[in-house]
Amino acid sequence: MASRRNFGSNWWARRWLDVLESFGWASRLQRGRTYARQGNVLSIDLAPGVVNAKVQGTRPRPYSVKIKIKPLSDGEWNRVIEALASQAAFAARLLAGEMPEDIETAFTGVSLSLFPRAAGDIVTSCSCPDWANPCKHIAAVYYLLGEKFDSDPFLLFLLRGREKEAIIRALREKRAALAGGGPSLPVKEAEKKEPVAEENRFPPELPVHPVEFWQAGEGLTAFQVKMHPPAVPQGVLKRLGPPPLGRYARDFYQLLNSYYQEISRRAYELAYDAGEGDAANSSHAKP
């Protein structure tokens with residue numbers, strides 16, 4: 001039922017509403033809760049740093065609501081991305097479409113904030129005759145924003161000026177650079193690199209006898225595999241989301257999820273049987 005909507009089941013949606021209430025708007029926000037629950041917010045569109053909405057009031061014509069939050073500059077976002085990429089757990093969860101619970105520390109660590117810090121950071125307008133700010137129409141949009149943030153935490157970043165695709169791309173590039181891969185060189189710079197020695201241009205010749213192809217080569221005994229659970233369980237599935245299979249999507253998604261868990265469990269068993277027994281006793285033994 002609409003009357004039972006709470007507009008914030010995840011921590012970041014609740015945090016959004018808590019921040020607004022901390023500005024002394026608690027009583028005013030309550031005026032818009034009923035409007036939000038009754039479905040009076042007809043439309044709500046987000047763009048970098050701005051929200052436009054239509055809210056049905058007592059008059060036949062809906063009111064126009066605009067909410068502006070100052071977006072972070074490119075330089076400020078670069079600092080945030082650097083901070084996020086430097087923490088593997090942050091990057092892993094964001095790349096999996098999840099919002100790390102302590103992500104605000106990455107922002108505060110570079111003297112910035114994910115959420116508005118003061119009432120003056122938000123500029124609003126409504127075409128209604130009510131002089132109060134926020135009026136109940138603006139307040140209703142605030143609640144619906146919390147609901148939207150609930151389903152897609154990356155909309156919080158959009159409100160601060162950066163789209164999801166840009167954040168994911170920047171995180172991947174930073175993580176690759178930290179891992180030593182770095183971005184590919186431009187053609188002119190690549191041409192300046194030292195030429196590859198003649199003897200290193202071709203792979204070693206295959207064995208004359210096919211049977212020898214399957215024999216372990218030198219140094220294989222020194223090769224070790226360390227099994228560790230991922231920072232985000234079933235991260236690939238969470239990143240891709242349910243497949244476009246209509247009413248069968250949820251069942252298929254759950255089936256794949258069970259397969260991933262079983263494959264992980266079997267991989268650990270094989271690793272421990274192969275000599276990783278000590279790891280079986282650790283707290284990370286289960287995926």
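How many helices and how many strands does the protein chain have? The protein chain has 10 helices and four strands. Please bear in mind throughout that this is a predicted model.

**The whole chain**

Begin with the entire protein chain, coloured by secondary structure. Followed along the sequence, the elements come in the pattern α-β-β-β-α-α-α-β-α-α-α-α-α-α. The chain has 287 residues, and buried residues make up 33% of them. Among the contacts with a separation of 6 or more, 65% are between residues 24 or more positions apart.

**Helices H1 and H5**

Next, select residues 11-37, which form helix H1, together with residues 136-151, which form helix H5. The axes of these two helices come within 7 Å and cross at roughly 130 degrees. Because of that angle, H1 is oblique to H5. The crossing of H1 and H5 is left-handed. Sorted by class, the residues of this contact comprise 16 nonpolar, four polar and five charged.

**Val 19 in helix H1**

Remain on helix H1 and select Val 19, which has its place there. Is Val 19 buried or exposed? Val 19 is buried, since its relative accessible area is 5%, and the cut-off for a buried residue is under 20%. Setting aside neighbours within four places in sequence, Val 19 is in contact with Phe 115 and Pro 116.

**Asp 45 in strand E1**

Move to strand E1, residues 41-47, and select Asp 45 within it. Which residues does Asp 45 touch, not counting those up to four places away in sequence? Asp 45 touches Val 50, Val 51 and Asn 52. Then display Leu 145 as well: Asp 45 and Leu 145 are 100 residues apart in sequence and 9.7 Å apart in space, C-alpha to C-alpha.

**Helix H3 and its buried side**

Select residues 88-95, which form helix H3, and show the side chains of Phe 90, Ala 91 and Leu 94, which are buried. Why do these residues count as lying on the same side of H3? They cover an arc of only 95 degrees around the axis, and therefore they lie on the same side of H3. Just after H3, select Gly 97, which takes a positive phi of about 85 degrees.

**Helix H7 against H3**

Keep H3 and H7 on display. These helices pack at an angle of about 140 degrees, with their axes 10 Å apart. This angle means that H3 is oblique to H7, and the crossing of H3 and H7 is left-handed. On the H3 side, select Ala 88, Ala 91, Leu 94 and Leu 95; in H7, they meet Ile 168, Leu 171, Arg 172 and Arg 175. The residues of this contact divide into six nonpolar, no polar and two charged.

**Helix H7 against H2**

Now display H2 with H7. Here the helices pack at an angle of about 55 degrees, with their axes 9 Å apart. With this angle, H2 is oblique to H7. Is the crossing of H2 and H7 left-handed or right-handed? The crossing of H2 and H7 is right-handed. From H2, select Trp 77, Ile 81, Glu 82, Leu 84 and Ala 85, which meet Ile 167, Ala 170, Leu 171, Lys 174, Arg 175 and Leu 178 in H7. By class, the contact of H2 with H7 has eight nonpolar, no polar and three charged residues.

**Two loops**

The tour ends in the loops. In the loop between H4 and E4, select Ser 111. Its phi is near 60 degrees, a positive value in a residue other than glycine. Ser 111 is exposed, because its relative accessible area is 54% and the cut-off for an exposed residue is over 50%.

Finally, go to the loop between strand E4 (122-126) and H5, where Pro 134 lies. Select Asn 133 along with Pro 134: the peptide bond from Asn 133 to Pro 134 is cis, with omega near 5 degrees.

Conventions. Residues numbered from 1 in each chain as written. Predicted model: local features only at pLDDT ≥ 70, side-chain atom pairs only at ≥ 80, totals over all residues. Heavy atoms only, no water. Axes fitted to C-alpha atoms, helices over the stretch in contact; angles between N-to-C directions. Parallel < 35°, antiparallel > 145°, perpendicular 65-115°, else oblique. Left-handed = near helix turned anticlockwise from the far one by under 90°. Nonpolar A, V, L, I, M, F, W, Y, C, P; charged D, E, K, R; others polar. Buried < 20%, exposed > 50% of the residue type's maximum accessible area, 1.4 Å probe, protein only. Arc of directions from axis to C-beta. Contact = heavy atoms within 4.5 Å.
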